[in-house]
Amino acid sequence: GSNAVATPCPEGRYSNASGLVSEDGCTLCLAGSACLAGSVAPTVCAPGSFAPGLGTAACQQCEAGSYQAARGATTCANCTSGNWCGEGSSAPTPCGAGNYSTRLGLRSADECLRCAEGSWCSAGRAIPCGLGTYNDQVGATDQSACTYCPPNSDTDGESPTSLSQYIREPDHYAQWSNMSLPGDLLL
């Protein structure tokens, strides 16, 4: 009989064979999965984590500002516009009610911007108040924040923020003073 002791596979490798005498019988863990020392099978990286190459011992969490929705990933994606992604995110999180962002890679909700006057914000996007309406408040969360213009007035574009941006149409009237009325005209 042999006194040889079975050697477990080192980290980054795996094998389901028993009685290995060297790591040569172990298989390298594939990218997108990880293998702790003694692994009999690779562990596929969960959403929110990744393994960039062969022979990884442990999956890494996605950094703040990035995310990964899929299992077995080799990289993480940049956080999308209108959202933020904390460390280990498996999906982007929308900027909260009344907030928005146009930048990619936000790391926390604090980096979202407050919805500006002249617009309202939903799902991390700023939407301008339409023609004929205005909004003088920050942090608006729905279209009802856009107030209709007063009668006989209009704006010179979208996103007005105050009544002072209205263009008042002049009142149209005629004075008949010092003039003959149409019925008095000579034919």
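Nonpolar surface patches are understood here as groups of Val, Leu, Ile, Met, Phe, Trp or Tyr side chains joined within 5 Å, drawn from residues with over 30% relative accessible area and no salt bridge. In this predicted model, one such patch is made by Leu 28, Leu 30 and Leu 54, and its area comes to about 290 Å². Leu 28 belongs to strand β2, which covers residues 27-28. Its relative accessibility of 36% places Leu 28 in the partly exposed class, and because the cut-off for patch members is over 30%, Leu 28 passes it with this value of 36%.

The structure contains eight disulfides, and three of them are described here. A disulfide is a covalent bond between the sulfur atoms of two cysteines.

The pair Cys 62 and Cys 76 is bonded with an S to S distance of 2.0 Å. The torsion about this S-S bond is about -80°, so the link of Cys 62 and Cys 76 is left-handed. Cys 62 sits in the loop between β6 (60-61) and β7, while Cys 76 sits in the loop between β7 and β8, so the bond ties together parts of the chain that are 14 residues apart in sequence.

Leaving aside residues up to four places away in sequence, Gln 68 touches Cys 62 and Cys 76, together with Pro 47, Gly 48, Ser 49, Ala 73, Thr 75, Ser 89 and Ser 90. A polar atom of the Gln 68 side chain lies 2.8 Å from the backbone oxygen of Thr 75. Is Gln 68 buried or exposed? With a relative accessibility of 15%, Gln 68 counts as buried, because the buried class takes in values under 20%.

A second disulfide joins Cys 79 to Cys 85, with 2.2 Å from S to S. Its torsion is about 75°, so the link between Cys 79 and Cys 85 is right-handed. Cys 79 and Cys 85 are both buried.

In the third, the sulfur atoms of Cys 95 and Cys 112 are 2.1 Å apart. The link of Cys 95 and Cys 112 is left-handed, with -80° about the S-S bond. This pair connects distant parts of the chain, 17 residues apart: Cys 95 is in the loop between β10 (93-94) and β11 (99-100), and Cys 112 is in the loop between β11 and β12 (113-114). Cys 95 is buried, as is Cys 112.

Cys 149 counts as buried, with a relative accessibility of 14%.

Finally, Thr 141 occupies the loop between β15 (133-134) and β16 (147-148). Thr 141 is partly exposed, its relative accessible area being 41%. Apart from residues up to four places away in sequence, the contacts of Thr 141 are with Ala 97, Gly 98, Trp 120 and Cys 121. The C-alpha atom of Thr 141 is separated by 9.4 Å from that of Ala 126, a residue 15 positions away along the chain.

Conventions: Residues numbered from 1 in each chain as written. Predicted model: local features only at pLDDT ≥ 70, side-chain atom pairs only at ≥ 80, totals over all residues. Heavy atoms only, no water. Buried < 20%, exposed > 50% of the residue type's maximum accessible area, 1.4 Å probe, protein only. Polar contact = N/O pair within 3.5 Å; in protein donor to acceptor, adjacent residues only side chain to side chain. Contact = heavy atoms within 4.5 Å. Helix = DSSP H or I, 4+ residues; strand = E, 2+ residues; numbered from the N terminus. Disulfide = S-S within 2.5 Å. Patch = residues over 30% accessible without salt bridge, like charges linked within 9 Å, V, L, I, M, F, W, Y side chains within 5 Å. Areas by Shrake-Rupley, 256 points an atom, 1.4 Å probe, with all protein chains shown as cover. Salt bridge = Lys/Arg side-chain N within 4 Å of Asp/Glu carboxyl O.
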